[in-house]
Amino acid sequence: MGLVAFLWTKEKAMAIVDEVVIPVEENKVVEMDKLEKTGDKTLVFELERLLDQQEVGKWNGLNTMRKLIRLAVARGVSTNTIVLLLLLPVVATLVSFLHYVLGLRGYGIFTPTMVAVTFLNTGIGGGLLLFASILLISLVSRWLTKRLRLHFWPARSMNLLLISVGTFFLMAMSSFLGWFNISQISIFPVLMMIMLAEDFVRTQLAKSRKEAKKLTFGTLVLSIFGAIVMDIRLVQEWSLLYPEVLFVLVLVLNFWVGNYKGIRLTEIERFKKAIR
Amino acid sequence: MINLKQYRRFLTKNERNKVYLKKNSARGRAIADKKWKTKKILAEAGVGVPSLIRRFKNYKQVTDFKWEELEGNFVVKPASGYGGEGIVVVRKRAKWAGEWRKMDGEIVNVADLRLHCREILEGRYSLHGMRDTVLVEERIKIHPKFLCLTKTGTPDVRVIVYNNVPVMAMLRVPTAESGGKSNLQQGAVGLGIDLATGITTFGVKGKKEMIRKIYDYRKKKKIKVNGIRVPEWEEILKTAIECQMAISSLGFMGIDILLDKDKGPMVLEVNARPGLSIQLCNRAGLGLRLRRVEGIEVRNVRHGVKLAKYLFAESFFEKVEAKDKKRNRVLEALERVKIKTGKGRKNRVELRAKVDTGAFRSSIDEDLARQLGLLGEKNVLYYRHYRSSLGKHNDRPVIALTFWLKGRLIKTAVNVANRSKLRTKFLLGRKDLKGFLVKAIKD
């Protein structure tokens with residue numbers, strides 16, 4: 001009996017894995033189809049071609065990273081993933097710069113960084129729509145579950161149920177209506193947006209709605225900045241072609257921001273009133 | 001183009017976090033986070049703190065405690081709460097045993113308080129939902145000077161002390177918006193205080209909005225934010241310095257001081273990460289002030305107070321000092337007093353009074369009192385048998401009287417005597433000369 005159950009669950013698990021994998025691949029295929037139809041070449045192929053074009057020469061220590069990237073690509077690692085990985089610290093640096101020098105505030109540093117990657121996947125408009133709807137569902141479900149006086153976690157699980165159903169409808173709808181094309185997104189942007197909405201709800205409970213709004217808005221602004229920077233073709237190409245330069249740049253910038261003791265841009269606005 | 005140079009005097013968030021919070025060791029921060037620990041250390045050092053009635057570590061102690069024996073005038077609060085959350089202030093007993101009235105008149109009973117304690121113990125009000133302990137302590141009676149400023153909560157004074165010198169201070173007034181809490185973040189009002197005189201200067205509501213007026217509940221209209229004199233200012237500064245000397249592991253700290261009606265300044269809590277909005281309501285830069293007191297060796301508390309006063313006095317400081325001097329407290333043998341005979345400025349009678357330190361109570365001439373209409377049924381407090389120095393014994397009425405001496409309002413009880421044959425119709429006894437000096441020889 002036990003063995004049967006084990007096999008059954010194993011089969012079940014495989015089914016779940018299948019379910020996750022298939023849409024992602026389909027997604028790529030669809031995208032390629034579409035891009036080919038419009039006569040454009042995919043970014044992925046272009047990046048790979050770029051790699052081919054660049055002369056690396058012999059290994060001399062300084063070009064270790066470039067060598068490794070080529071090796072990885074040759075072994076089948078997606079260039080897209082490599083670019084995203086390399087750009088993650090860049091976005092994080094940007095977020096910390098915006099925080100310490102400009103004074104924009106979000107939920108820590110990782111949430112804005114990750115949401116930026118999400119935006120890259122869904123597009124900024126699509127991502128905002130997704131977030132807005134998830135937040136709306138979260139708030140409505142909180143309002144509903146508050147009346148039931150449940151424990152916190154069961155209430156959150158119910159919230160997740162509503163979000164799942166809501167997001168499903170949203171994706172289905174958008175494919176019909178042709179909005180922002182979020183019918184093809186993978187599960188990760190949805191998860192990321194759920195986490196952000198959860199942060200909102202938690203801050204609203206612990207501090208105030210005003211603070212929650214401020215932080216969420218700040219997170220979105222930071223992520224949009226990050227997404228825009230990541231989306232620049234030149235940045236992507238350079239990160240792949242000159243990863244060492246990227247590293248040095250990130251380190252230098254972080255050293256500078258990390259030692260910055262001066263005024264933040266938003267503080268100028270705040271302290272202006274205190275000048276006699 | 002913004003002139004960035006003039007922003008250099010402000011303490012920015014980056015600089016606070018990078019430079020000044022480094023002066024606070026982990027040990028110091030641990031003390032500041034736990035109100036109970038702070039209280040213990042400060043009490044040992046002789047700094048005024050609200051006295052502790054009980055501390056509960058678990059729910060059994062809460063149920064075992066005899067709540068009914070509490071008279072009222074107590075506060076139940078979490079030991080590591082933040083932002084003033086979870087504090088229940090009880091004023092007095094209600095009609096039945098085991099029931100009390102809160103500040104807003106609402107009734108709480110033992111069951112309510114037990115439930116509240118349980119919530120505190122379970123960590124509802126602590127920072128990360130961690131288990132907490134409950135403190136039951138004496139309530140601080142709001143100083144009458146501040147009664148008119150707020151209806152909910154108690155105004156307190158936040159003093160920032162660095163290197164044993166008070167560098168900046170503000171009066172924090174809770175508002176309806178802040179829900180009785182005096183944190184600016186939650187919408188309370190902050191009034192900057194001149195360190196030399198203890199007089200308020202500018203005002204800010206919340207973290208950004210500058211205000212010029214604040215509502216006075218007694219006058220039922222808005223009054224200016226500047227010019228409010230914080231009582232016992234010298235004592236407050238002293239308390240703040242003593243506080244830092246007691247917790248020397250906090251080099252840069254914000255101290256929240258409440259003024260008790262009877263007991264004077266009391267330290268409510270210390271803050272290892274004081275906010276920066278204090279610069280707005282003082283319209284002054286904290287950064288510049290901190291740099292100014294850097295490296296000064298403060299010998300004792302009085303030295304610290306003097307330094308703060310001289311270094312950070314506002315420009316009106318001299319004017320106030322001159323005014324204080326003019327209103328001197330030295331009395332000649334004969335002084336002019338103004339007696340209140342009714343409501344308003346018109347109903348005041350000025351007359352000459354003789355200062356007599358040999359008499360305990362002041363006395364007024366019978367005919368004069370009758371003329372002024374002071375012998376009315378309501379005004380006579382009681383009759384008293386007096387023994388005069390000439391050996392005559394008689395019953396004299398004692399009346400309530402309000403008068404001004406050297407600009408100071410004195411409300412007192414005086415006895416009515418026959419002074420028709422004497423030159424001064426009013427005699428000032430030593431009971432009403434509190435705070436004055438009497439000159440023995442005319443120069």
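This is a predicted model: local features need pLDDT of at least 70, side-chain atom pairs count only at pLDDT 80 or more; totals for chains, interfaces and linings use all residues.
Let's start with what each chain is built from. Chain A has twelve helices and zero strands, and if you read along its sequence the pattern is simply α-α-α-α-α-α-α-α-α-α-α-α.

| Chain | Number of residues | Buried residues | Share of contacts (residues at least 6 apart in sequence) that join residues at least 24 apart |
|---|---|---|---|
| Chain A | 276 residues | 24% | 74% |
| Chain B | 443 residues | 37% | 61% |

**A look at chain B**

How does chain B split into domains? The assignment gives three pieces: domain 1 covers 4-36 + 143-318, domain 2 covers 51-138, and domain 3 covers 330-438. Notice that domain 1 is written as two stretches of sequence, with domain 2 falling between them. Between the C-alpha centres of domain 1 and domain 3 of chain B there are 43 Å. As for the overall dimensions, a box of roughly 80 × 60 × 40 Å, taken along the principal axes, is filled by the C-alpha atoms of chain B.

In soluble globular proteins, nonpolar side chains tend to be buried together. In this model, the largest nonpolar core has 69 residues, and Val161(B), Val167(B), Ile257(B) and Val267(B) are the ones with the most contacts inside it. Strand E8 of chain B (residues 165-173) gives this core its largest share, seven residues. Apart from that core there is another one, with 33 residues, including Val91(A), Leu130(A), Met193(A) and Ala197(A).

**Two crossing helices in chain A**

Now over to chain A, where helix H4 (residues 79-102) meets helix H10 (residues 233-241): their axes come within 9 Å and cross at roughly 95°. Angles of 65 to 115 degrees count as roughly perpendicular, so H4(A) is roughly perpendicular to H10(A). On the H4(A) side, the contact uses Thr79(A), Ile82(A), Val83(A), Leu86(A) and Leu87(A), while H10(A) brings Gln236(A), Ser239(A) and Leu240(A). Sorted by type, the residues of this contact are five nonpolar, three polar and no charged.

Helix H4 of chain A also holds Val101(A). Is Val101(A) buried or partly exposed? Val101(A) has 16 other C-beta atoms within 10 Å, while a buried residue needs 20 or more and an exposed one has 12 or fewer, so Val101(A) is partly exposed. Leaving aside neighbours within four places in sequence, Val101(A) is in contact with Val257(A), Tyr260(A), Arg264(A) and Leu265(A). Val101(A) and Gly262(A) are 161 residues apart in sequence, yet 7.9 Å apart in space, C-alpha to C-alpha.

**Where the chains meet**

Finally, the contact between the chains takes 14 residues from chain A and 15 residues from chain B. On the chain A side, helix H12 (residues 265-271) supplies the largest share, four residues. That side of chain A divides into seven nonpolar, one polar and six charged residues.

How values were computed: Residues are numbered from 1 along each chain as its sequence is written. Chains are lettered from A and ligands numbered from 1 in the order in which they are written. Two residues are in contact if their C-beta atoms, placed from the backbone, lie within 7 Å. Ala, Val, Leu, Ile, Met, Phe, Trp, Tyr, Cys and Pro count as nonpolar, Asp, Glu, Lys and Arg as charged, and the others, Gly among them, as polar. Domain bounds come from an automatic or database domain assignment. A nonpolar core is a set of buried Ala, Val, Leu, Ile, Met, Phe, Trp, Tyr and Cys residues joined through C-beta atoms within 7 Å. Axes are lines fitted to C-alpha atoms, for helices over the stretch in contact, and angles run from 0 to 180 degrees between N-to-C directions. Angles under 35 degrees count as roughly parallel, over 145 as roughly antiparallel, 65 to 115 as roughly perpendicular and the rest as oblique.
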